[in-house]
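Student: Please take a close look at one strand for me. Which strands pair with it, and how covered is it?

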Amino acid sequence: MKTALILNGPNLNLLGTREPAVYGAQTLADVEVLCAQACATHGFALDFRQSNHEGQLVDWLHEAGRLQTAGTLAGVVLNAGAYTHTSVALHDAIKGTGITLVELHISNVFAREDFRHHSFISAAARSVMCGFGVAGYALAIAGLAGMQTGF
Ligand code: DQA
């Protein structure tokens, strides 16, 4: 069974209380349950993580590269939070490892402030999705399942 690695960046630990009009009322623990259900549906093991630290996310992407090379990783869903808009290091880590990665945002970043319109992740990602609320996590896992069969 392959693993779906779900990585969450800064401030996503505050889901549920953080700007609920933008991000909804569900907590990160709720999102983990939702991801577990999606992984069960698609035959993946779930590895779900969150960090507020850019270097930790880089290290986890490197780990993902090793797992993908070993054939045990289906892919990564990355919500890099605000690092999406600032981090050349995350861009380089995705490019450098060659991992299959879905960039995800809960909100529609293009309907928000201008500084959220640019992503350093998108050019290195296999797929990009935003604006589906936390349901997007399950959709992204379904997307990873499609990729296993050649999509
Ligand atoms: C976010 C959008 C980012 O612009 C923001 O900095 C976040 C969350 C989202 O999930 O909508 O922290 O990635």
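Tutor: Strand β3 covers residues 73-79. Strands here are DSSP runs (E, at least two residues), and helices are DSSP runs too (H or I, at least four residues), numbered from the N terminus. This is a predicted model, where local features need pLDDT of at least 70, side-chain atom pairs count only at pLDDT 80 or more, and totals for chains, interfaces and linings use all residues. Residues are numbered from 1 along each chain as its sequence is written, and side-chain values use heavy atoms, with hydrogens and water left out.

Now the neighbours of β3. Two strands pair if DSSP finds at least two bridges between them. Strand β1 (residues 3-8) is joined to β3 by six bridges. The two run parallel. Strand β4 (residues 101-105) is joined to β3 by three bridges. These two also run parallel. Here L78 has E103 of β4 as its bridge partner.

Next, is β3 buried or exposed? Buried means under 20% relative accessible area, exposed means over 50%, and partly exposed lies in between (1.4 Å probe, protein chains only). By that cut-off, seven of the seven residues of β3 are buried. The strand is mostly covered.
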